[in-house]
Amino acid sequence: MQIADIIQYLDSEVHPEYQEGYDNAGFLLGDPASPCTGALIALDLTDAVVDEAFERGLNLIITHHPMIFSGVKRITPTNTLGKLIYKLIRNDISVYSAHTNLDNLSWGVNGILSQVLGMDECRILKPMDGQSDPNIGAGMIGRLPYPIPVSAFLEQVKMSLGLPVLRISEIASNVVNTVAICGGAGSFLIGDAISQKADIYLTGDLKYHDFQRAQGEITLADIGHFESEQFSLQIFYSLISKKFSNFACFITTKGKSFVSYI
């Protein structure tokens with residue numbers, strides 16, 4: 001099996017055409033004509049992940065976050081990105097990423113996060129402009145099976161995502177029924193969550209003044225960038241395992257957040 005076979009299949013499933021204009025998802029590095037010895041799945045491409053792929057004898061790494069996001073002016077082992085590219089090329093390891101296109105699929109990053117959080121009756125929070133398909137777009141909104149106290153829901157969130165702490169705004173409602181979410185950095189959807197009457201909005205990378213935008217109309221909770229996207233690795237694994245049952249595919253054991261809690 002060639003790397004091109006894996007890439008062609010992934011493209012047909014995760015649709016790079018649905019990525020945002022600023023993104024750089026798809027096949028990023030390598031020779032698609034090379035025989036594929038197996039794939040390693042990670043959220044981020046790091047030195048430890050590249051080492052793990054090499055040690056396992058795998059020559060394809062599939063990530064959610066693209067390692068090449070903007071212009072690369074030099075490739076040398078003297079900076080973080082250059083060192084990674086240099087090591088990948090030297091060891092003949094290819095890289096494929098599905099980023100905002102996986103965010104924008106209803107069964108993607110937000111779909112699996114909504115399942116983890118026990119949400120029902122889910123729909124896209126903000127459909128993509130120019131798309132007639134309502135299942136393509138940013139964020140997700142749904143309902144819990146039954147209303148629960150906000151304090152109990154937040155404890156469930158911490159337990160489900162493995163969070164020791166949560167950053168939240170002023171509590172707007174003591175009971176949670178309708179929940180809006182966005183894996184990764186989702187401050188751009190705060191207004192949509194408010195206008196669609198969500199009781200709480202869960203996302204990552206909220207800044208100080210983002211919390212001010214709650215205005216007592218909604219509870220905002222920062223659930224962490226890594227933590228909100230950690231389950232997306234299972235999406236890649238399931239897709240590949242379903243199509244190529246005898247193919248060597250692994251989820252990294254070296255993946256971790258760049259943020260620590262102390």
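This is a predicted model: local features need pLDDT of at least 70, side-chain atom pairs count only at pLDDT 80 or more; totals for chains, interfaces and linings use all residues.

Guide: Residues are numbered from 1 along each chain as its sequence is written, and side-chain values use heavy atoms, with hydrogens and water left out.

Visitor: How many strands form the open sheet, and in what order?

Guide: Strands of a sheet pair through backbone hydrogen bonds, either parallel or antiparallel. Two strands count as paired if DSSP finds at least two bridges between them. Helices (H or I, at least four residues) and strands (E, at least two) are DSSP runs, numbered from the N terminus. Here five strands form an open sheet in the order 1-4-3-2-11, with mixed pairing. Strand 1 (26-29) and strand 11 (249-251) are the edge strands, each pairing on one side only. From one strand to the next, the twist averages 25 degrees.

Visitor: In which sense do strand 1 and strand 4 pair, and in which sense do strand 2 and strand 3?

Guide: Strand 1 and strand 4 (residues 94-97) are antiparallel over three bridges, and Phe27 stands opposite Tyr96 in strand 4. Strand 2 (residues 39-42) and strand 3 are parallel over four bridges, with Leu40 opposite Ile61 in strand 3. Buried means under 20% relative accessible area, exposed over 50%, and partly exposed in between (1.4 Å probe, protein chains only). From strand 3, Leu60 and Ile62 point one way and Ile61 and Thr63 the other way, and all are buried.

Visitor: Which strands does helix 1 lie across?

Guide: Axes are lines fitted to C-alpha atoms, for helices over the stretch in contact (heavy atoms within 4.5 Å). Angles run from 0 to 180 degrees between N-to-C directions. Helix 1 (residues 3-14) lies across strand 1, strand 3 (60-63) and strand 4, running at about 5 degrees to strand 4.

Visitor: How much space lies in the largest pocket, and which residues are closest to its centre?

Guide: On a 1 Å grid over the protein atoms alone, a pocket is an open set of points where a 1.4 Å probe fits, with protein on both sides within 12 Å along at least five of seven lines; lining residues have an atom within 4 Å of a point. Grid points are joined across faces, edges and corners, and a volume is the space filled by probe spheres set on the points. The largest pocket holds about 720 Å³. Its lining has 34 residues, and the closest to its centre are His65, Phe69, His99, Thr100 and His225.

Visitor: Which residues lie nearest the centre of the second largest pocket?

Guide: The second largest pocket, of about 280 Å³, is lined by 18 residues, with Asp205, Gly224, His225, Val259 and Tyr261 nearest its centre. Helix 9 gives the most to this lining, with three residues.

Visitor: Why does Asp210 count as buried, and why does Asn104?

Guide: Asp210, in helix 8 (residues 208-212), counts as buried because its relative accessibility is 11%. Leaving aside neighbours within four places in sequence, Asp210 is in contact with Ser187, Ile190, Asp205 and Leu220. Asn104 lies in the loop between helix 4 and helix 5 (109-116), and counts as buried because its relative accessibility is 3%. With neighbours within four places in sequence again left aside, the contacts of Asn104 include Tyr18, Glu20 and Met128.
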